[in-house]
Amino acid sequence: LQFNGGPTKTLALLAGSGGIDAGDPAGCHELDAILQTDQRGLPRPVGAACDLGAYEVQPDQIFQDGFDP
């Protein structure tokens, strides 16, 4: 666990992780509550389904403006 943003430590998912988009495709939920953000406050789901755990992988922000090295 490490600080990846937000109030608590989380486990960041690495590229290619089996936990990415492996959650319920019907939506992100905990108990009966629908979750709109991950533990860091970032939007979820991103992709086909929620990522497993408290950390939702976000798109690569450096390329959001069309910059291409």
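User: What does the side chain of E56 reach, and at what distance?

Analyst: In this predicted model, the side chain of E56 reaches the backbone nitrogen of V46 at 2.9 Å. E56 itself belongs to the segment after β2, which spans 33–34.

User: Is E56 buried or exposed?

Analyst: A residue is called buried when its relative accessible area is under 20%. E56 has 0% relative accessibility and therefore counts as buried. Its contacts, apart from neighbours within four places in sequence, are D38, R40, P43, R44, P45, V46, A49, C50 and D51.

User: C50 is among those contacts. Which residue forms a disulfide with C50?

Analyst: In general, a disulfide is a covalent bond between the sulfur atoms of two cysteines. Here C50 is joined to C28, with the sulfur atoms 1.3 Å apart. Since C28 lies in the segment before β1 (29–30) and C50 in the segment after β2, the pair ties together parts that are 22 residues apart in sequence. Both C28 and C50 are buried.

User: What is the handedness of the link between C28 and C50?

Analyst: The link is left-handed, with -95 degrees about the S-S bond. A search of the whole structure finds one disulfide.

User: How many helices and strands does the protein have, and what share of its residues is buried?

Analyst: The protein has zero helices and two strands. Of its 69 residues, 20% are buried. The protein exposes about 4,900 Å², of which carbon and sulfur atoms supply 59%.

Key: Residues are numbered from 1 along each chain as its sequence is written. This is a predicted model: local features need pLDDT of at least 70, side-chain atom pairs count only at pLDDT 80 or more; totals for chains, interfaces and linings use all residues. Side-chain values use heavy atoms; hydrogens and water are left out. Helices (H or I, at least four residues) and strands (E, at least two) are DSSP runs, numbered from the N terminus. Buried means under 20% relative accessible area, exposed over 50%, partly exposed in between (1.4 Å probe, protein chains only). Accessible areas come from the Shrake-Rupley method with a 1.4 Å probe; for residues, only the protein chains shown count as cover. A polar contact is a pair of N or O atoms within 3.5 Å; within protein, one must be able to donate a hydrogen and the other to accept it, and residues adjacent in sequence count only if both atoms are side-chain atoms. Contact means heavy atoms within 4.5 Å. A disulfide is a pair of cysteine sulfur atoms within 2.5 Å.
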